[in-house]
Structures are given as structure tokens and as C-alpha cells.
Amino acid sequence: MIPGPFSYHRPATVADAVKLLSTLGDDVRPLAGGHSLVPMMKLRLATPEHLVDLHGVPGLKGIVRDRDKIVIGAMTTQHELLASEEIAKSIPILHEAALLIADPQVRYRGTIGGNVANGDPGNDMPALMMTLGASYRLEGPDSSREVAAADYYQGAYFTAIEPGELLTAVSVPVPPAGHGYSYEKLKRKVGDYATAAAAVVLTMASGKVASCAIGLTNLHETPLLATDAAKTVIGTSLDAATLKKAVAAAEAIMSPAADARGPVEYRKHVGGVMVARALQRAASRAK
Amino acid sequence: MAKTHVTMKVNGAEVEGLVEPRTLLVHFLRENLSLTGTHIGCETTHCGACTVDLDGMSVKSCTVFAVQAQGSEITTIEGVANADGSLSALQEGFRMMHGLQCGFCTPGMILRAQRLLQENPRPSEEEIRMGISGNICRCTGYQNIVKAIQYAADKINGVEFKEAAE
């Protein structure tokens, strides 16, 4: 399979990349790792006239600690994320989740920016970013803005990004020391998208949940924050009755598609199982 | 569509060619350079048969454009034997442990395993299995591929290989 023809551009700076994206018309796409876009182009489901390859922009790489945040350049690969001691130490849930994304070859190329930007409901990082309270930096031709991950996703492949804008970095607030975390992902095989997945970041105080955020992957056309489920567990010791209530609250907001991964009822059921497991494992890891 | 001039180093040799932007790296290797050891399997980034080493990374060459490899260093299966033409430790491991049947996945498996052993010279069985999880084999059930990689790791580390009991 061979993609349709396109013009190839390789800018060296963010400013040049944004200029290309904002002046080449409607049929221009940025090219990051390409592991979502290139297969779509081979199937002719995507036929961009122009590709702006971001691999030549050194300013889009890197993981930098900025006081209580970690700023990750959009072109940082999943492989680089996994190799980062800073990530493993400060935001271990990102390390845990990156290992569950695709396979080693794809992780060498696949980027965090690509994973969060395109609004694919099957991608893992968006729900994690919502759980962590992260934000995305969008650079446009005239100005730049910071958009909360929780406000970015509007529908499957529909996001808050405007034509001509480029997502250049992800800022993740570092969770408190001693926090518990877990990303539970059910998938049919290595490399598959989640049948259902849940992210939990929580803190415990005297055996009770002090704070909690729960994110859901591939259980709706956008990633979800299970806010009511998280509220249910605060102040509790995650006893069986509370877990059951939290799972019910999370299931109430799930509306997965019926597809090869299973019918709606099954995917909601295992979504609930992922929430329960993630809550328990996160609590067991909290200090 | 205008063609672009690309240069890269493949298996130690400087090569060049004219490609359309949409030319995939695997097609450049196979058709422009006649290096047909790199196989095209699924064409959808799942199977790993087209895996090559690109600047120290294992990549699926069906999902990288040739223009993106401008200036890169690439190793394909044609470049893995020892300088004197003898089999590399991994090639020998696949031969000794019967790590292939039809052989279609083998070039990708060997290129992936070579990078894995460079990053992790003493992988556990679990690490080997996860390390080759982007490469699909439909013949062997993987058991002998894992053994082949363990054989190669031991040979490179100067340790005598002992086959685990089944």
C-alpha cells in the first residue's frame, strides 16, 4: 500500500513549522511519529497535500522540570519518556502507561505530542493527562495559548486545536510525593488499543483517600474524567461497598462503541473492573 | 510529483537515490537498493517483518518515508553478518535453535533482537518476549526464537548457553 502523493516540508524551528501549517491551506498535516497518520494515508483514509515533518525541529524535544511541573516537548518519543529518570521518579504513572503503548518499534517513533493531539479515543495519554491535570501549549501564527487537557477533547478526532496551530509541549503538574498511581489497561494483545482502561492518581492520609482523580480511556468518544466516582472514594478506606459505588458512578458515564473489542455491555463491565483494580493498586502504592 | 534526492548510509555504504516524498523506506531499500532481505508483511505497522535499524532505533520501515531517513545510518539483514562473512551471534542462534521455519519474519526478528541486545545485553526471558512483541511469527510459537536470542546473548557475553528444560 502506497500513500497518495503529497509535498514534504521539513522546517527547523517551531516558528517555521507554524508558518507552514498556517499558510499551506486546508490540506496540511503535521507529521510527528507518523504511526497513526502514515497507516491512514496508506489506506487513503487520509490524503493530505502537504506534510510538515517535525523531526527537524530540535525545540520540540526534551523533558524539563520547571518548578512543580514537568514540561515535555511534543516530539519526545514514548521510548525517550521510558528512558527518563525524571519521569520514572516524579510521574511514574506515565512510565507505567508508556510501556503499555504499542510495541518497542512504535515507541521509538511514537511521540507524546502525537498521542495527545489528534483526539483518537483509543490513545492512552489523553485520559492520563486529564487525570494529572496537564495542559497543552498550542502555538499559532499570531499567538500561543495553554489549553487544559480536560478542555481539549471535543469528540473523536475533534479537539480544541485550530487550523494553523501546533501542539508544542505538554505541561504536567508533578503529583505530591507519596501519591499512589495505577494505569490498568485491558487489551486483546500487545500493541492493541484498550478494550477499556482506567488511570488513577490518589493520595492517602491515615488510611483514607485524601484526593483522587480517575481517567478513562476508550470508553467514550473522548477520554473521560470520572469525577463523581473520584468524589465517592474521598474520605473512605476503599472498602468493598465504596468500590462498588465508585465503579457504578464510573460506568454511568461510559458510552463505548461496540466494535471488535466487544459489545457495549462488555466494555462497560470491564471498564468498571479496570476502575476497581486501578483504585486498589493506586491505594496500595500510596505512602 | 517532483522527486527528492536522498542520501543515507546503509550497511556501512553511502547510497543515494531519487524518491517521491511518499516513497516508504522499505520500498526504497527493496526497489532502489535491491536489498530484498527486508520483508513487507502486513503493511500496517503491526507485524514487524520490515524492521530495520535506523540511527540506533528499531523501526518498521513501512511506516517511515525514505525522505525522513535523509542522512541516517541504517542496518538491514544484509548488514548483520560478521565482517569475514561468518554468521553473527544472532544468526547463528537462529540456526542452532531452529528459530525459524518459513523465515519470513526472521530478518525483522534479528534486527529487532540485535538492538534489544545492544540496549540490554542480559535480558530475561520476559524481557526478550516483550522486546520482540512488535514482531509477529506465525510458525514457531516464539519458543525457539526466544532460545535463539538467549543463545546469542550468552555467546556475546562469553557464557556457555544452556537450554532451559521444557
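Q: Are helix 2 of chain B and helix 5 of chain B parallel, perpendicular or oblique to each other?
A: Bear in mind that this is a predicted model. The two helices of chain B, helix 2 (residues 89–96) and helix 5 (residues 143–157), pack at an angle of about 135 degrees, with their axes 8 Å apart. Roughly perpendicular stops at 115 degrees and roughly antiparallel needs over 145, so helix 2 of chain B and helix 5 of chain B come out as oblique.

Q: What classes of residue make up the contact of helix 2 of chain B with helix 5 of chain B?
A: Helix 2 of chain B brings A89(B), L90(B), G93(B), F94(B) and M96(B). From helix 5 of chain B, the partners include Y151(B) and K155(B). Sorted by class, that contact has 9 nonpolar, 1 polar and 1 charged residues.

Q: Which element supplies the largest share of the side of chain A that touches chain B?
A: Here 23 residues of chain A are in contact with 21 residues of chain B. Strand 1 (7–9), helix 2 (37–42) and helix 6 (104–109) of chain A each supply at least two residues of that side of chain A. The largest share, 5 residues, comes from helix 6 of chain A.

Technical notes
Residues are numbered from 1 along each chain as its sequence is written. Chains are lettered from A and ligands numbered from 1 in the order in which they are written. This is a predicted model: local features need pLDDT of at least 70, side-chain atom pairs count only at pLDDT 80 or more; totals for chains, interfaces and linings use all residues. Axes are lines fitted to C-alpha atoms, for helices over the stretch in contact, and angles run from 0 to 180 degrees between N-to-C directions. Helices (H or I, at least four residues) and strands (E, at least two) are DSSP runs, numbered from the N terminus. Angles under 35 degrees count as roughly parallel, over 145 as roughly antiparallel, 65 to 115 as roughly perpendicular and the rest as oblique. Two residues are in contact if their C-beta atoms, placed from the backbone, lie within 7 Å. Ala, Val, Leu, Ile, Met, Phe, Trp, Tyr, Cys and Pro count as nonpolar, Asp, Glu, Lys and Arg as charged, and the others, Gly among them, as polar.
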